Amino acid sequence: MQRARVTFEPTQALWRVRLQLLWRGLKSTWAMFAESKIGLTGLGIIIFFILLWMLWPIYPWLMERLAWTPEELEAARNAPYGAISSIYQVYDPVTGYDPLIPLEENREGNILPPSRRHPLGTDQYGRDILAQLMASTGSEFTLGVLAALITVFIGTCIGAITAYYGGFVDTFFMRLADVFILFPLVSFLIVLGSMMELTLLKLALILGILFGFGQITIILKSQALAIKVKPYIEAAKVAGGGHFHVIFRHIIPNMLPLSFLYMMFNVTSAIFSEAALSFFGLLPGARTTWGIMIDSAHSGGYILGGRSFEYWWLWVPPGVAITLLCSAFYLVGRGLDEVVNPRLRKR
Amino acid sequence: MVALQTQTKTEILVRVENLRMLYPVATGVFARARSFIHAVDDISFDINRGEIFGLIGESGCGKTTTGKLLVRLITPTSGHIYMRVAQDPSTDSQGEQFVDIATLEGRALKAFRRNVQMIFQDPYESLNPRMTIFDIVSEPLSIHGIGSIYEREERVAELLSLVGLTPPESFLFRYPHELSGGQRQRVAIARAMILNPSFIVADEPTSMLDVSIRTGVMNLMLDLREEFGISYLYITHDLAVARYMCDRIAVMYLGKIVELGPTEEVIQNPLHPYTRALISAVPIPDPTVERQPIEIKGGVSKPIDPPPRCRFYERCPIATERCAHSDHPPLEDKGNGHFAACYEI
Ligand SMILES: Nc1ncnc2c1ncn2[C@@H]1O[C@H](COP(=O)(O)OP(=O)(O)O)[C@@H](O)[C@H]1O
Ligand code: SF4
Ligand SMILES: [Mg+2]
């Protein structure tokens with residue numbers, strides 16, 4: 001790869017030079033990443049979901065102008081049951097209801113197949129599926145990224161510290177990692193869920209911590225062990241650098257590329273875990289998530305009993321969304337892998 | 001160089017006494033280590049101010065371990081390292097004290113570190129790949145909290161020019177991987193020089209470099225000695241390099257110094273059978289040196305719990321009964337400051 005030389009005049013402020021360097025580093029990383037088709041595919045999918053997330057606030061407004069006729073709006077405002085004063089009431093992901101549903105012929109209960117006003121249909125409570133899907137995207141991202149950040153932060157720090165100090169500290173955290181790896185996550189969360197209300201943020205924290213002390217500590221520790229024996233660590237010690245300096249100025253910065261890589265894989269695991277937990281009904285339905293959408297289709301009896309394909313729009317959209325977003329972070333991780341591990345690169 | 005030597009010949013900067021470094025050999029998971037590698041085994045020598053003291057010997061004889069002990073990267077098992085250290089490095093030699101640094105800890109150890117530096121063998125691994133040249137060279141300043149960020153920048157630029165990386169602005173904010181091996185080793189030298197140390201350990205600083213650029217790096221270190229009166233412990237396995245760089249050399253074999261003296265004296269007139277074999281085995285680019293090949297049996301082993309006799313006994317071509325039954329011979333003065341450890345000379 002070609003690196004542009006930064007021209008430096010001593011009068012230039014140091015922070016500006018550092019910004020330039022950062023920019024230059026990002027550009028060259030991007031150049032390497034962009035060579036990976038896998039990584040770009042993943043990034044494309046992530047961007048698609050981010051767009052979906054950003055479109056959500058204007059979705060009802062768009063539908064009002066594009067899909068609803070003035071007569072339908074008028075009828076909804078004067079409906080005998082569930083009359084609305086604003087279009088936002090129809091597309092609310094939790095309490096939404098289309099008051100025109102009783103007029104439809106092609107329905108079972110409140111379930112409507114995909115149609116003009118509901119591109120992905122409605123569920124058994126008359127809520128718009130696409131609205132729920134879009135409204136959940138933000139939660140999925142927040143949960144996944146937050147949990148992964150916590151995981152990687154813990155894993156990096158503990159990995160660096162155990163590798164650096166060894167001995168008792170090492171033994172302690174490695175045995176702890178064994179415990180966390182063998183941890184009965186689902187049973188633990190069932191107990192926890194009965195004791196307190198599991199919000200998405202709490203779940204992110206719990207998942208982040210549970211994963212952080214587990215497998216990732218061992219992986220990142222082995223990386224830290226390889227860094228610890230480099231002569232530049234000895235050079236820093238000869239210069240007078242203490243433990244703190246060596247760990248935070250030398251070991252951790254050299255672990256960060258790999259940490260970032262594992263962060264991508266951990267977003268995948270966090271989203272996946274959330275989906276699984278929601279499916280077990282372990283998350284309160286105060287807000288929607290994709291897992292909760294599948295769960296409610298399941299508890300309504302629309303997935304089992306040979307009816308799954310009759311009402312496919314109840315579970316295919318959230319299912320596909322979970323699969324796609326999880327794969328997307330995994331694919332980005334694979335693409336980054338080729339940047340971080342030069343040996344994987346073809347050149 | 002001559003003027004400098006006569007002027008400071010008598011002033012001892014570093015005095016090493018009975019220094020030992022034993023590494024335990026892991027025998028089992030639960031077993032306590034009962035065996036030890038005698039990496040450095042009871043060595044003593046002096047280094048004068050402004051002197052380049054060479055340490056030569058085959059790989060594994062304990063050269064790097066000695067160097068790391070002298071900069072206190074590791075703590076010796078036993079022995080003393082007396083060094084003239086400035087309490088405040090900005091004061092001149094008047095403010096210096098001759099202290100045993102072998103067991104320093106904490107604050108005192110950190111203060112001592114301002115006096116000594118080390119240049120490592122592999123310039124590809126001794127510079128943090130994620131730091132810019134500015135960060136690398138100024139790191140000792142920031143660790144010791146010296147100067148403002150602008151002063152540091154100026155000082156780094158000054159040192160980069162000093163080691164021949166000009167113009168310094170074009171190097172300050174590049175990363176090590178953008179530099180050649182020789183340039184990197186110059187960066188390592190600039191970093192070692194930035195705290196004005198009185199003593200530098202250079203561990204085979206040119207052995208990983210292209211032959212064509214070695215001389216440049218060696219000349220730079222000679223120039224720095226000339227200009228700042230720095231002393232070096234110069235580690236090398238290359239006799240030609242030792243001859244070019246060093247005022248005096250010590251020859252190590254399995255953790256022991258077997259011969260020590262002025263470089264030319266040792267090379268022209270080697271006394272110890274191991275030194276003779278070493279010199280006959282290595283082509284020295286000097287036609288005036290005449291050598292007969294001397295054979296030694298076997299190869300170097302690891303000094304794990306060595307038997308209490310001459311370390312060279314197994315390979316020595318002139319070993320006698322006496323050697324078999326006596327301790328390792330002491331290092332004795334054979335005249336002209338030429339020391340050797342052998343019963344049979
Ligand atoms: N950290 C260590 N642990 C155990 N043995 C070591 C360690 N460092 C060096 N040694 C051993 O000490 C001996 C001397 O090594 P070293 O000083 O690196 O030799 P040289 O630099 O002359 O090649 C070797 O036998 C080596 O295996
Ligand atoms: S003391 Fe004996 S064994 Fe050792 S080098 Fe001299 S002659 Fe050889
Ligand atoms: Mg060595």
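This is a predicted model: local features need pLDDT of at least 70, side-chain atom pairs count only at pLDDT 80 or more; totals for chains, interfaces and linings use all residues.
Residues are numbered from 1 along each chain as its sequence is written, and chains are lettered from A in the order in which they are written. Local features need pLDDT of at least 70 and side-chain atom pairs pLDDT 80 or more, while totals for chains, interfaces and linings use all residues; side-chain values use heavy atoms, without hydrogens and water.

Chain B holds an open sheet of eight strands with mixed pairing, in the order β6-β7-β8-β3-β9-β10-β12-β11. Helices (H or I, at least four residues) and strands (E, at least two) are DSSP runs numbered from the N terminus, and two strands pair if DSSP finds at least two bridges between them. The edge strands of chain B, β6 (116-119) and β11 (332-333), each pair on one side only. Strands β7 and β8 of chain B run parallel and are joined by five bridges; B:I200 has B:Y232 as its bridge partner.

Turning to salt bridges (a side-chain nitrogen of Lys or Arg within 4 Å of a carboxyl oxygen of Asp or Glu), the count over all chains is 26. One of them joins B:D135 to A:R18 at 3.1 Å, N to O. This pair crosses between chains, from helix α4 of chain B to helix α1 of chain A. With buried meaning under 20% relative accessible area, exposed over 50% and partly exposed in between (1.4 Å probe, protein chains only), B:D135 is buried at 11%, and A:R18 is partly exposed at 34%.

Within chain A, the side chains of A:E72 and A:R117 meet at 3.6 Å, N to O.
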